[in-house]
Amino acid sequence: MYKKSAIVDLDMKIDEGLRQPIRSFLHALECIEMLYHMQKAGEASIIELEDGIYQKMVETLKRGASYLSGQEKLDLSSKVESMRQGIYDICSITLRRKEEDYIDLILGKIHSWDKHNSRCYSGAVGVINKSFDNLIEGYDKKLDLFLENLPVSEEKRGFSIKKSAPVMRCIEVFFLAGELNIRHKPICVFFSGGTPQNLSTLSRMTVFINIYATRFKLISKEIARKYLEDYSVIEGLDESITSKLLLVWLRGHDLGHFYGVDSINKKMSELDKSYLILHELKSDLIALYNLRYLTEDFLKDDLLIKAYVVAIAEMFRYIRRGMFYNYPDTASAFLAYSFFKESGSINFDAKAKKFKIDFEKLEVDIKNLTSILLNLFAEGDVREAMKLVNRFGDIKELGQYGFPGELEVLSDTEIPHYIDFNFVTRDRLL
């Protein structure tokens with residue numbers, strides 16, 4: 001099936017006084033790109049070449065730091081020097097301007113589901129966006145409230161996650177490299193900041209907010225326009241409100257991994273596809289469930305309904321990726337949809353070829369499925385876990401050769417499957 005991409009310019013104003021340090025960031029990402037393609041090609045000599053290219057990258061960044069002065073120079077130089085021993089995870093380097101964080105460089109290795117969970121060189125650079133900091137901070141103030149209201153008995157809820165909640169940061173990306181620049185562009189990257197942690201509980205998260213909002217506008221919103229009867233609810237949303245709703249859901253999903261007692265991980269590897277699918281599904285549902293507790297501040301008036309529609313549109317975009325077993329987040333979206341369809345909160349009009357949401361029923365279904373998942377993890381019954389994963393068909397087969405039933409409409413080739421970028425700012429700086 002033909003899948004098209006939408007081409008987008010990534011262009012933004014950059015402080016010309018910091019041209020040289022920023023250019024060093026971009027040259028470092030060129031090194032990351034070189035290492036990435038060597039990995040893909042399976043170069044026999046990569047071990048010998050890798051360290052040389054890596055040290056060249058460090059020297060390039062040090063030269064960039066030399067154009068700064070005072071504390072800003074010391075801060076950047078110190079961080080770059082700490083890289084000399086190698087990157088064991090993703091590393092984040094911040095360029096400061098006028099005593100404030102300005103640009104983040106992210107580089108290192110990430111796990112790739114597309115490449116059999118191998119660790120691949122990756123990188124991104126972007127201007128830090130602080131306009132959503134209050135939203136993230138306000139959401140995090142409710143962490144104990146969310147915990148207290150989870151639809152499960154107290155002993156199965158787990159503990160307060162305030163001390164372990166991942167740090168979330170937004171940046172406006174203007175260049176991607178390596179595994180972060182694959183055709184299916186990610187909208188965030190998780191990393192530990194140098195300490196070993198489980199994949200599902202990494203302590204740092206950087207959101208590529210401009211890519212996230214653009215992807216929704218060009219793909220998810222188009223799916224909703226053509227195939228969701230409730231599209232009018234989000235038709236006139238401006239980008240700032242869209243970004244806010246996307247972030248509220250994403251923050252909930254990110255933190256959802258931490259809630260609830262997990263007894264399944266004692267019997268299944270965290271790299272087991274079925275375990276990952278269930279973890280994604282639990283986090284997706286907790287994110288949706290928490291929305292009802294934001295109506296007094298972030299989701300006043302009709303924003304709660306808009307948040308549900310945005311989340312459903314994103315759910316369909318995830319399903320559209322297909323090959324459910326290969327991608328835990330895609331399988332999670334399919335399982336959530338199938339549950340909502342089975343219980344009647346989402347219905348399909350075959351004649352109009354549109355999905356319709358029963359919002360009152362949806363809230364009940366979200367609560368019920370959240371409860372099922374929290375109990376499942378707490379009880380640790382692997383047999384029941386696998387029954388849920390395969391409840392609507394063999395998950396290893398579903399989505400491999402087309403979409404089941406009414407979901408076939410998602411194969412619409414007129415709607416882009418991917419977004420690709422012209423990195424205008426990068427080209428101008430170089």
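Strands here are DSSP runs of E with at least two residues, helices are runs of H or I with at least four, and both are numbered from the N terminus. The model is a predicted one, so local features need pLDDT of at least 70 and side-chain atom pairs count only at pLDDT 80 or more, while totals for chains, interfaces and linings use all residues. Residues are numbered from 1 along each chain as its sequence is written, and side-chain values use heavy atoms, with hydrogens and water left out.

Strand β4 (residues 118-129) and strand β5 (residues 167-178) run antiparallel and are joined by 8 bridges. Over towards β7, the arrangement is parallel, with 5 bridges linking that strand to β5. Within this pairing, M168 sits opposite M205 of β7. As for burial, 9 of the 12 residues of β5 are buried, so the strand is largely enclosed by the rest of the structure; buried means under 20% relative accessible area, exposed means over 50%, and partly exposed is what falls in between (1.4 Å probe, protein chains only).

Zooming out, β5 belongs to an open sheet of 6 strands with mixed pairing, laid out as β2-β3-β4-β5-β7-β6. The edges are taken by β2 (91-97) and β6 (188-191), each of which pairs on one side only; two strands count as paired if DSSP finds at least two bridges between them. On average, neighbouring strands of the sheet are turned by 35° against each other, direction ignored. Helix α6 (residues 209-227) lies across β4, β5 and β7 (204-208), and runs at about 80° to β5. Axes are lines fitted to C-alpha atoms, for helices over the stretch in contact, with angles from 0 to 180 degrees between N-to-C directions.

Then there is K300, found in the loop between α8 (273-290) and α9 (303-319). This lysine is partly exposed, at a relative accessible area of 44%. Apart from neighbours within four places in sequence, K300 is in contact (heavy atoms within 4.5 Å) with L294 and T295. K300 and V80 are 220 residues apart in sequence, and their C-alpha atoms lie 44 Å apart in space.

On confidence, the protein chain averages a pLDDT of 92, and 95% of the residues score at least 70; pLDDT is the predictor's confidence in each residue, from 0 to 100. Residues 195-201 stay under 50, and the model has 12 contacts beyond four places in sequence for them.
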